[in-house]
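Trainee: Hi! Could you walk me through how the side chains pack in this one?
Mentor: Happy to, let's look together.

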Amino acid sequence: MEVALSAIASDLINRLTSFLMKKYMESTSIDDKMKRLKELLLRVHIVVEEADRRCITNPMMLMQLKMLAESMYRGYYMLDTIKYKSPKDEEVRKLCTMSVSLKRSRTIFDTPGSPADDNELEIVLNNLEAAISNINEFVILLVGCERVCRRPYDAYLYTDNFMFGRHAEKQQIINILLQNPCQQGGPLVLPIIGGCRVGKKTLVSHVCGDERIRSYFRSILYINGDNMWGMEHTKFKRERTLIVGEFFTDIDEDDWVKFYCTVSQMTDRGSKVIIISRIGKLARFGTVKTVRLNSLSQEEYSYLFKMLAFGSIDEKDHPKMAMVANDLAVVLGGSLITANVVADLLRRNHDFQLWNSVLQRFKEMVKSNLSKYGEHPKDIIEKEHPIDITRFGSSYRTHLHLMPPRVERDDSPNRKKPSLLFRDLIAGCAAIPDGDFELVTWESRIPPHTKYVQSAVAFVNGKNGCTTSTRKRRSNA
């Protein structure tokens, strides 16, 4: 009887608390709510940042960390949306609703102080309040997790190579790779499946660079899935090995069995295999649960882009540029490569006129592709089709088409085509060569100096390159 009464009393207290909180929120001004939002974000951010420095092995804690991070990014997005509302928001909103990919993301473009703003703010606050109400046990358990030392070199990589918002996924992969070998002795197979350029290889690269992984495996072997048949001719030391394979096509069952047997015979007990691919069907070869990577949410992407663009300066001191950054984060459509390129250009030049000029160029470019092909440039590139970047040129009479990026390294054969930097083209300070040329989209500043390079072609009035009608037929094929 006492237990039943206690449960009823607890339920009544919870209902009363929720009712009073609802009434409080209804009677509180938007300024007070914004103040409360900042306080909650500070508390959550402290916990998320500390969790990123800990070795978390409990899968439920990793799940809670992911939920905390999502609530935090949504809160920052809400804060900036209200704080940096610009008169051009309606124009950006209309541009976004034309794109299928951006219609799926949650964007907020109502006028400041509108009922929609207020309702959305209440939802965000309620989510943060709920997250914090369950955070005490998480913090207590977090204190018992081993602290992971991160060198300055690693911290640099986290920003430069988009290792962002993947704290839970990275720790999940590390936990799987450090599992003790099973009794059967066959290598554990972990599929990592995700969309185009969402950061699969970057995530695996950071995992492989972790000291715990380096200590556990004697060697790490990277293979191209298309050349996996050459494994039987590879000379192995019989030692614990991590094999990382990137696969671009599906694999026949018999071929996989042959590959798996070769790995089992030529490596020592405790070896593991990572499958990296966009192809979901390859998950059938996994011996553990597949890790699936999605694109960053609009909230995460916006936070990342502004962090990269502002660098060490405080965006609060530059509200006009913060407005531009908010709009750019929407217009770019979630492309990580483009975010890094544009942010690098903006970080070098803290000038509002330049920032606004870059925004206008991208808006015009996105409009042009939506008008011609009915898709956002990011979606077109993901289908391995060229996009129209004529709006980046100094003369609209010269048409510019850009192919999807490819990866090159320092040891790649030199090409004789003229080249220029993508950031110079965006800034409008590059002389565009006639005909075919190479656009260096991004180059890592650390060895082995990996480059993202894109082939481009300049032509006048359809004399060269893909015509609109040809491009539409290709996209519908």
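Trainee: How many aromatic pairs does the structure hold?
Mentor: There are 9 aromatic pairs, where rings of Phe, Tyr and Trp (its six-membered ring) pair if their centres lie within 6.5 Å; planes under 30 degrees apart are stacked, over 60 edge-to-face and the rest tilted. Phe392 and Phe422 make an edge-to-face one, 6.0 Å centre to centre with 70° between the planes.

Trainee: What does the pair tie together?
Mentor: Phe392 is in the loop between strand S8 (387-388) and strand S9 (398-402), and Phe422 is in helix H18 (residues 422-427), so the pair ties together parts 30 residues apart in sequence. Helices (H or I, at least four residues) and strands (E, at least two) are DSSP runs, numbered from the N terminus. This is a predicted model: local features need pLDDT of at least 70, side-chain atom pairs count only at pLDDT 80 or more, and totals for chains, interfaces and linings use all residues. Residues are numbered from 1 along each chain as its sequence is written, and side-chain values use heavy atoms, leaving out hydrogens and water.

Trainee: Is Phe392 buried or exposed?
Mentor: Phe392 counts as buried, at 2% relative accessibility. Buried means under 20% relative accessible area, exposed over 50%, partly exposed in between (1.4 Å probe, protein chains only). Phe422 is buried too, at 5%.

Trainee: New topic: which rings form a cluster?
Mentor: Trp256, Phe259, Tyr260 and Phe285 are linked into one by ring pairs.

Trainee: And what sits over the ring of Tyr216?
Mentor: The charged end of Arg240, 4.1 Å from the ring centre. That label needs NZ of Lys or CZ of Arg within 6 Å of the ring centre and within 35 degrees of the ring normal.
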